[in-house]
Amino acid sequence: MQIDFHYYATYCAAFLAGYSHEECLAICYSAQFTDCCTRTLLSTIGGPAEAATTQLQLEMMDARTDILGLQDITRIWSSFHFLPRDLKADPGKGSRIYKAKYRLICGPNGDLLVKTVNLAKESLQAVGIAMHVLADTWAHQYFAGTPSQVINNTDYWFFELLPAEASGDSANSGDSRESGDAKRAFTERRITFRHNPTGKDDLDKGIYTSTVYQLEENSVMSLGHGRAGHLPDYSFMRYKYLPAWGKYEEVVKDNPSDYYKAFCQMVYALRYLRGDHETFETDRYDTEKVSPYETEIKEILEKRQLDACADWKAFGEKLSGCEIPDFDADRYCTEYKQASVDDKDATFLGSYIDAALAQKTMVTNQIFQSDNLLAGYSVEYNESRFLGIRDFIHYVENKKKKGKA
Amino acid sequence: MSKFQRVQNIVIGLSMLISAAVLILFPEGGCVYIMLFLAASLILRGISELIYYFTMARYMVGGKLILFIGAVFFDFGFFTLTLSDESNLFVLAYLLGFHAFAGLVNVLRALEARRYKSTSWRINMAQGVASILTVLICMLFSHNETLLVYCYCAGMIYSAALRIYSVFRRTAVVYIQ
């Protein structure tokens, strides 16, 4: 997903759930900041490197693909962008390492999502992170947050499904053919992937940018949905393809439907976090709250555009009657940088970092507990000595303080 | 390129430079050592691809490709080994064939990269064209075995230099967030 959904749509969901304008801004800022909080940014503000929630292109270029490097990548991407659906999933046949990778495939309504949402009670920043993770479980499903050719690879069998009325001339090209659907007719158009990093996706011609195919299993080119380009990130996109893990069974991805479910589930989760529901259950969606705006939301989701920020922003401002400022990643950086060491935790980014470390340590621990070492070792806190990664010392001490209070 | 791949490329580049030096110093028997080194590399690569296939890639859509690649590498390794005790000229002809094939693959990869508008096509094309030119020059001087060896060495040094250069080059990577 992109800034349009993580920032503006999250604002709308929070407002529908009953949060105030200011609270909504804090939540949607935190949700979008999850795509910006890199080691590079943290080093410039003096934050702990382990709190990184994403990696820059340049960081990926230099990323190690030895065991420790892969574990670091997996911790970041599985915790925040590709939350595993089922850590006990059984692919049937396969070696231990294959099964370990298979179990990291992302999907909605998993046990880890419940844990993520429950962890978000601490602060609005934690709520924002949880909403980012929740939304991505829908967009990024069928891909894993670890570099793996055998899980994340795609091949030439990749078709965009265009609604018949919207397909126009381009859909009637040589590669297109008619396909039936119970409710709507779609035409299929074979997708052309190119690997030009500066090239823009061409919606009219069906040319999209993806990562280059690499023969190596652990190449960063095979991380997440890189091989499928930005297709999972576009709300209007419908496509079918053969996932590498899928035993030649075609997967049809209907983003408009998935994104709508993601939105309704966000509203439900946010209402739970506000105390409107006693428990958070999977596969529940607050369609009731959203239904008055269903047509409007679906129109935004279905519109063929690379960036839906303007539409979501207009919808959000209509809902709340307040102006939604454009996202500025540096909005709270100066405050964090200028705060004294003791006061950093009380700043906006201090709380964000705390929430990010909590999410990362929880997901790493759950993966480790499932006998899967792809995200590394999880050290249970021991009062006598600290055995974990140094950056977590501060987080553990904070937890301890809060526990005593 | 990951750090591991960078180290891997430096090691391969240096090995090629050493092989070229050995061949220049001992044009009579140098070929045998190069053939042995080449055979060992191909066999090891083949084995690692086969292990990858049987443990993971066999469950992947299109995973048979890994099996074929592994089998081809393994087979070529042994074939190279069987040629190591043949006459120098015969061995050299085989090496040239191998070099021409590698050059052709590089050119094809460059054309594919260019079609996808990837910026990396130029270096692949340069490597491929240099390899093929080396082979053609060697064929022109095929009556003089020593000269043939030197031509081959020049091509190998050029390829090694390009490989080492590519390690220190910043390459744009598509990264999907």
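Hi everyone, let's start with chain B, where buried residues account for 29% of the 177 residues. A residue is called buried if 20 or more other C-beta atoms lie within 10 Å of its own, exposed if 12 or fewer do, and partly exposed in between, with C-beta atoms placed from the backbone. Please keep in mind that this is a predicted model, in which local features need pLDDT of at least 70 and side-chain atom pairs count only at pLDDT 80 or more, while totals for chains, interfaces and linings use all residues. As for labels, residues are numbered from 1 along each chain as its sequence is written, and chains are lettered from A and ligands numbered from 1 in the order in which they are written.

So what does chain B contain? There are six helices and zero strands, giving the pattern α-α-α-α-α-α along the sequence. Helices (H or I, at least four residues) and strands (E, at least two) are DSSP runs, numbered from the N terminus. Among contacts in chain B between residues at least 6 apart in sequence, 66% join residues at least 24 apart; a contact needs two C-beta atoms, placed from the backbone, within 7 Å.

Now let's zoom in on helix α5 of chain B, residues 121-140. With 20 residues at 1.5 Å a residue, α5(B) should span 28 Å, and its end C-alpha atoms are 29 Å apart, which agrees. That expected span is 1.5 Å times one less than the number of residues. Which residues of α5(B) are buried? They are Asn124(B), Gln127(B), Gly128(B), Ser131(B), Thr134(B), Val135(B) and Cys138(B). These cover an arc of only 120° around the axis, which puts them on the same side of α5(B); the arc is that of the directions from the helix axis to the C-beta atoms. As a reminder, an α-helix has 3.6 residues a turn, so residues three or four places apart point the same way. On the face of α5(B) turned away from the buried side we find the exposed residues Arg122(B) and Leu140(B).

Val61(B) sits in the loop between α2 (30-55) and α3 (64-83) of chain B. Is Val61(B) buried or partly exposed? It counts as partly exposed, because it has 19 C-beta neighbours inside 10 Å. Leaving aside residues up to four places away in sequence, Val61(B) touches Asp155(A), Leu242(A), Ala244(A), Gly246(A) and Tyr248(A).

That takes us over to chain A, which is divided into domain 1 (3-147 + 256-376) and domain 2 (151-253), with bounds from an automatic or database domain assignment. The centres of the two domains, taken over C-alpha atoms, are separated by 24 Å. Across the boundary, 28 residues of domain 1 of chain A are in contact with 19 residues of domain 2 of chain A.

Last stop: strand β1 of chain A, residues 158-163. Five of its six residues are buried, so β1(A) is largely enclosed by the rest of the structure. β1(A) pairs in the antiparallel sense with β6 (residues 238-241) of chain A over three bridges, and with β3 (residues 186-190) of chain A over five bridges, again antiparallel. Pairing here requires DSSP to find at least two bridges between the strands. Phe158(A) has Tyr241(A) as its bridge partner in β6(A), and Phe159(A) stands opposite Arg190(A) in β3(A).
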